[in-house]
Amino acid sequence: MSAEKMGTVEYIQHHLTNNTIGEGFWTFNMDTIIVSFLLGALIVFVAARLGKQLDTGTPGGFQNFVESILDFVATNVRDAFPGHNPLIAPLALTIFVWVWLMNFMDLIPVDLLPWLFQLITGDSHAYLKVVPTTDLNTTLAMAFTVFALILYYNIKIKGVVGFIKMFLFHPFGKFFIPVNVVMTLIEEVSKPLSLALRLFGNMFAGELVFLLIALIGGTLAVGAAALFWAPLQVLLDFGWLIFHLLVITLQAFIFMVLTIVYLGMAHDEGH
């Protein structure tokens, strides 16, 4: 439903509510799951098509674009990750592209896809939240997956005893074991939380700004006032879109770099 047909609060709440099935703990945000899966499938499809059409002589524009992204990610892995692990570069590339695509959904006009969904389903009150990274479940799931890898490589590289020593003797030595345990525990727990909450907070705030700008044209542009509010909405939309394009790229980059850095720390036997 558009902003003209509902109040301001109802309009915002409607756009920030997921389409769900199930109840309680077993509630699934279907729009988040489906959009995330489709964007992941798009990455696989494009990569497979490009892999079959690689030109080593005179590559086309899209191949050059993809190669520039690969070089960008490879450079960041070389700069931030000590040693060699064949998993890190593909993981960093997947995170960067997938998070960027999920963030990019925020640049599609806020009413367009929900309106199409309501048209298809015939339900004028159907919910559809199309930006997966504005769903805390998405960012937490990605962050805890990275955290599981951090724990795995910590134990693999340092051994179980070395991993326990990291909590007992880091950072203040053997005379401050209780303090060391608390400090290291906070340090480790902060890794997935910093990954998840930073991405979610920035994208959720960006979505809210788009909704508020949409309200200018939806609820205020009535009658002669539309001559003023409608052009203002277009101007604000364009300005925020340009700025937000930088935000979504920066957030994908930060998530990728922190993942590389955290996994690099897990590979450091002296940490």
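This report describes the pockets, the cavity, the aromatic pairs and one leucine of a predicted model.

## Basis of the values

The model is predicted, with local features needing pLDDT of at least 70 and side-chain atom pairs counting only at pLDDT 80 or more, while totals for chains, interfaces and linings use all residues. Residues are numbered from 1 along each chain as its sequence is written, and side-chain values use heavy atoms, with hydrogens and water left out.

## Pockets

The largest pocket holds about 590 Å³ of space. A pocket is an open set of points on a 1 Å grid over the protein atoms alone, with protein on both sides within 12 Å along at least five of seven lines; lining residues have an atom within 4 Å of a point. Grid points are joined across faces, edges and corners, and a volume is the space filled by probe spheres set on the points. The lining of the largest pocket has 21 residues, and the closest to the pocket centre are Ile43, Val46, Val66, Ile69 and Val97. Helix H2 (30-52), H3 and H4 each supply at least two residues of this lining, and H3 gives the most, with seven residues. Helices are DSSP runs of H or I with at least four residues, strands are runs of E with at least two, and both are numbered from the N terminus. By class, the lining has 16 nonpolar, four polar and one charged residues. Here Ala, Val, Leu, Ile, Met, Phe, Trp, Tyr, Cys and Pro count as nonpolar, Asp, Glu, Lys and Arg as charged, and the others, Gly among them, as polar.

The second largest pocket has a volume of about 380 Å³. Of the 15 residues that line this pocket, Thr32, Ile33, Asn137, Thr138 and Ala141 lie nearest its centre. Strand S2 (28-29), H2, H4 and helix H6 (136-169) each give two or more residues to the lining. H6 has the largest share, four residues. The lining divides into eight nonpolar, six polar and one charged.

## Cavity

There is one cavity of 30 Å³ or more. A cavity is a set of grid points where a 1.4 Å probe fits but cannot get out. The volume of the largest cavity is about 60 Å³. Its lining includes His15, Met105, Asp106 and Glu207. By class, the lining residues are seven nonpolar, one polar and three charged.

## Aromatic pairs

The model has 12 aromatic pairs. Rings of Phe, Tyr and Trp (its six-membered ring) pair if their centres lie within 6.5 Å; planes under 30 degrees apart count as stacked, over 60 as edge-to-face and the rest as tilted. Phe72 and Phe96 form a tilted pair, 5.7 Å centre to centre with 55° between the planes. Phe72 lies in helix H3 (residues 61-80) and Phe96 in helix H4 (residues 88-104), so the pair ties together parts that are 24 residues apart in sequence. Phe96 is buried, with a relative accessible area of 10%, whereas Phe72 is partly exposed at 35%. Buried means under 20% relative accessible area, exposed over 50%, and partly exposed in between (1.4 Å probe, protein chains only).

Phe25, Trp26 and Phe28 form one aromatic cluster.

## Leu245

Leu245 lies in helix H8 (residues 226-266) and is partly exposed at 33% relative accessibility. Leaving out residues up to four places away in sequence, Leu245 touches Trp100 and Leu107, where contact means heavy atoms within 4.5 Å.
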